[in-house]
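Trainee: I would like to learn how to read a fold from its helices, strands and domains. Please show me the case first.

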Amino acid sequence: MSDKLTKAVTKNGFIRIYAVNSKGIAENARKFHSTMPTGTAALGRLLTGAVLMGAMLKDENTSLTLQMHGDGPLGRVMAVANSEGDVKGYVENPLAELPLNHLGKLDVGGAIGRNGYLSVVKDMNMKEPYIGQVPIQTGEIGDDLAFYFAQSEQVASLIALGVLVDRDYSVKQAGGFIVQIMPDCDEFNLKKFEKAAEGLSSVTAMLEEGLSNEELIRRVMHNFEVEILEEKEVGYHCDCCDERMQRAIVSLGKKEIQDIIDEQGEAEIVCQFCNKGYKYDKKALEDMLERAKR
Ligand SMILES: [Zn+2]
């Protein structure tokens, strides 16, 4: 399943809007992590936000990590996206589940928990990573990311992320959009956008109507002339590999590795993003111990 992300800007250049249909991403995440519906929605929303923000990274080979760490039953929820459109993530307690909230919706805010923080780390390829952190506002993720943009990057944003879970627990719809007001936007256009945003239906409702990204963008920005800049494929992709896992073991240090050799004689690591298992026998661990000594 391949998903698409679309970038657009108003013809006057004052407002940009990125939209993504992330059904494949959210469904892959659900399958990898066997999440219950609330976890499916929370992880799906965070992955959707991450892939949208990843598309804003300017340089190649850069990545972005979003982490929601609240006091709710899901524990930590994490998503990593790069500038090429790959995204992966996990949730600490995938089976955690709460009753529907007062609106009859999956209680993502309650499951993440409102006491805690959202952190954003941008890995800028050699340069020092950028780290931003804000307190969780609602735990519904879209609002929290918008708060982050306002606080840390001084960019006014409207962020809508939605995941609709089907009766059989599979992902029926997933997607979202980010609208950002550029700093040079004048009061007139800002007011005009606020008026457009007032009557909007939810992103899952728009996806249920079968809108394409471009149609969704034109719906959200209906009182503006919009120019579509780019459409690209995005997807859930884990880049774990044997060498990366070995590096992780080597980074534990020689004492830890010696302890594993003495106590277990072998090691099995499971990738937290895709559940792929990596097994290392005593000989392999001894080689890694040698690397750790160097
Ligand atoms: Zn993996």
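**One face of a helix**

Mentor: Helix H7 has as its buried residues Asn213, Leu216, Ile217 and Val220. Buried is said of a residue with 20 or more other C-beta atoms within 10 Å of its own, exposed of one with 12 or fewer, and partly exposed of one in between, with C-beta atoms placed from the backbone. Looking down the axis of H7, the buried residues fall within an arc of 100°, so they line one face of the helix. The arc is taken over the directions from the helix axis to the C-beta atoms.

Trainee: What should I know about the model and the numbering?

Mentor: The model is predicted: local features need pLDDT of at least 70, side-chain atom pairs count only at pLDDT 80 or more, and totals for chains, interfaces and linings use all residues. Residues are numbered from 1 along each chain as its sequence is written.

Trainee: What covers the buried residues of H7?

Mentor: The cover includes E1, E2, E9, helix H6 (203-208) and E10. Helices (H or I, at least four residues) and strands (E, at least two) are DSSP runs, numbered from the N terminus.

Trainee: What is the order of the strands in the open sheet?

Mentor: Strands pair if DSSP finds at least two bridges between them. Here the open sheet has 10 strands in the order E7-E6-E3-E4-E5-E10-E1-E2-E9-E8, and the pairing is mixed. Strand E7 (130-135) and strand E8 (157-165) are at the edges with a single partner strand each, so one side of each has no neighbour in the sheet.

Trainee: How many bridges join E8 and E9?

Mentor: E8 and E9 pair over 9 bridges in the antiparallel sense. Leu164 has Gln173 in E9 as its bridge partner. The hairpin of these strands has 5 residues between them, and Tyr169 in this hairpin takes a positive phi near 75°. On E9 itself, 9 of 11 residues are buried. E2 and E9 are also antiparallel, with 7 bridges, and Asn21 is paired with Gly175 in E9.

Trainee: Which domains is the protein divided into?

Mentor: Domain bounds come from an automatic or database domain assignment. In this protein they give domain 1 (3-236) and domain 2 (242-293). The domain centres, taken over C-alpha atoms, are separated by 35 Å.

Trainee: How many residues of each domain are in contact?

Mentor: Residues are in contact if their C-beta atoms, placed from the backbone, lie within 7 Å. By that criterion, 4 residues of domain 1 are in contact with 4 residues of domain 2. E5 gives the most to the side of domain 1 that touches domain 2, namely 3 residues.

Notes. Contact = placed C-beta atoms within 7 Å.
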